[in-house]
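Here is a friendly walk through one protein chain, taken a few residues at a time. Keep the viewer open as you read.

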Amino acid sequence: MQKSETWKARHGVVEIICPNKTQLRDYDFQVIIGQGGCGSVHRAIHKESKITYAIKQYDKSKLIQDANALESVKREIRVMQAINHHGIMNFHDAIDSGAKISMVVEYIPGCNLYQFIRKMPGSRI
């Protein structure tokens, strides 16, 4: 039985389509750059290409407890896979590592969107 199958047997099935072009061990995790209710965002460098990415990691045990969060992650992965626009960070991969779902996207240095909007003149956030 594979690792993800063992996890499914213990925690329930979370069906998310992940390309799994890469594996988490292919990345050198640097720092946490964000934290949320269902996971965290890390800055990581792909070991072979030396390209820096942002890796959003979602804890499957938390997703199972919140159907809305699970659907949101599924939708985010589908949308990110489908779009290609210069104003939106590029999708690289989604990895199902058993207990976590990780979405690998283009790393954009600087502040997050909330911080950027707060700095704008006249912001009411």
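H42 sits in strand β2. Please keep in mind that this is a predicted model. With a relative accessibility of 12%, H42 falls under the 20% limit and therefore counts as buried. Its side chain makes a polar contact of 2.9 Å with the side chain of S40.

Which residues does H42 touch once its neighbours within four places in sequence are set aside? They are F29, V31, I32, I33, Y53, A54, I55 and Q57. One of these contacts, A54, is worth a visit of its own.

## A54 in strand β3

A54 belongs to strand β3, which covers residues 52–59. Is A54 buried or exposed? A54 is buried, because its relative accessibility is 8%, where the limit for that label is under 20%.

Leaving out residues up to four places away in sequence, A54 is in contact with I33, V41, H42, M103, V104, V105, E106 and Y107.

## One aromatic pair

How many aromatic pairs does the model hold? The count comes to 1. Y27 and Y53 form this pair, with ring centres 6.0 Å apart and an angle of 85° between the planes, an edge-to-face arrangement. Y27 lies in strand β1 (residues 27–35) and Y53 in strand β3, so the pair links distant parts of the chain, 26 residues apart. Y27 and Y53 are both buried.

In soluble globular proteins, nonpolar side chains tend to be buried together. Here the largest nonpolar core has 14 residues, and those touching the most other members are L63, V73, I77, I101 and M103. At least two residues of this core come from each of β3, α3 (67–82), β4 (91–96) and β5 (100–106). Which element gives the most to this core? That is α3, with 5 residues.

L63, named among the core residues above, has contacts with C38, Y58, A69, L70 and V73 when residues up to four places away in sequence are not counted. There is also a second, separate core of 7 residues, and among its members are L24, Y27, A44 and I55. Y27 is therefore a link back to the aromatic pair, being a member of this core and a partner of Y53.

## Three salt bridges

The model has 3 salt bridges. In one of them, K56 pairs with E76, and the closest N and O atoms are 2.5 Å apart. This pair connects distant parts of the chain, with K56 in strand β3 and E76 in helix α3, 20 residues apart. E76 is partly exposed, at a relative accessible area of 22%.

Another salt bridge joins the side chains of D96 and K60, at 2.7 Å from N to O. This pair, too, links distant parts of the chain: D96 is in strand β4 and K60 in helix α2 (residues 60–65), 36 residues apart. Is K60 buried or exposed? K60 is buried, because its relative accessible area is 0%. K74 and E71 also form a salt bridge, with the closest N and O atoms 3.4 Å apart. These two are 3 residues apart in helix α3, so about one helical turn separates them. E71 is partly exposed, with a relative accessible area of 36%.

Most residues other than glycine have a negative phi. Which loop holds N20? N20 lies in the loop between α1 (3–11) and β1, and its phi is near 50°, a positive value in a residue other than glycine. With a relative accessible area of 37%, N20 is partly exposed.

K50 also has a positive phi, near 65°, and is likewise a residue other than glycine. K50 is placed in the loop between β2 (39–46) and β3. K50 counts as exposed, because its relative accessibility is 59%, where that label calls for over 50%.

Key
Residues numbered from 1 in each chain as written. Predicted model: local features only at pLDDT ≥ 70, side-chain atom pairs only at ≥ 80, totals over all residues. Heavy atoms only, no water. Helix = DSSP H or I, 4+ residues; strand = E, 2+ residues; numbered from the N terminus. Buried < 20%, exposed > 50% of the residue type's maximum accessible area, 1.4 Å probe, protein only. Contact = heavy atoms within 4.5 Å. Phe/Tyr/Trp six-rings, centres within 6.5 Å; stacked < 30°, edge-to-face > 60°. Core = buried A, V, L, I, M, F, W, Y, C linked by side-chain atoms within 4.5 Å. Polar contact = N/O pair within 3.5 Å; in protein donor to acceptor, adjacent residues only side chain to side chain. Salt bridge = Lys/Arg side-chain N within 4 Å of Asp/Glu carboxyl O.
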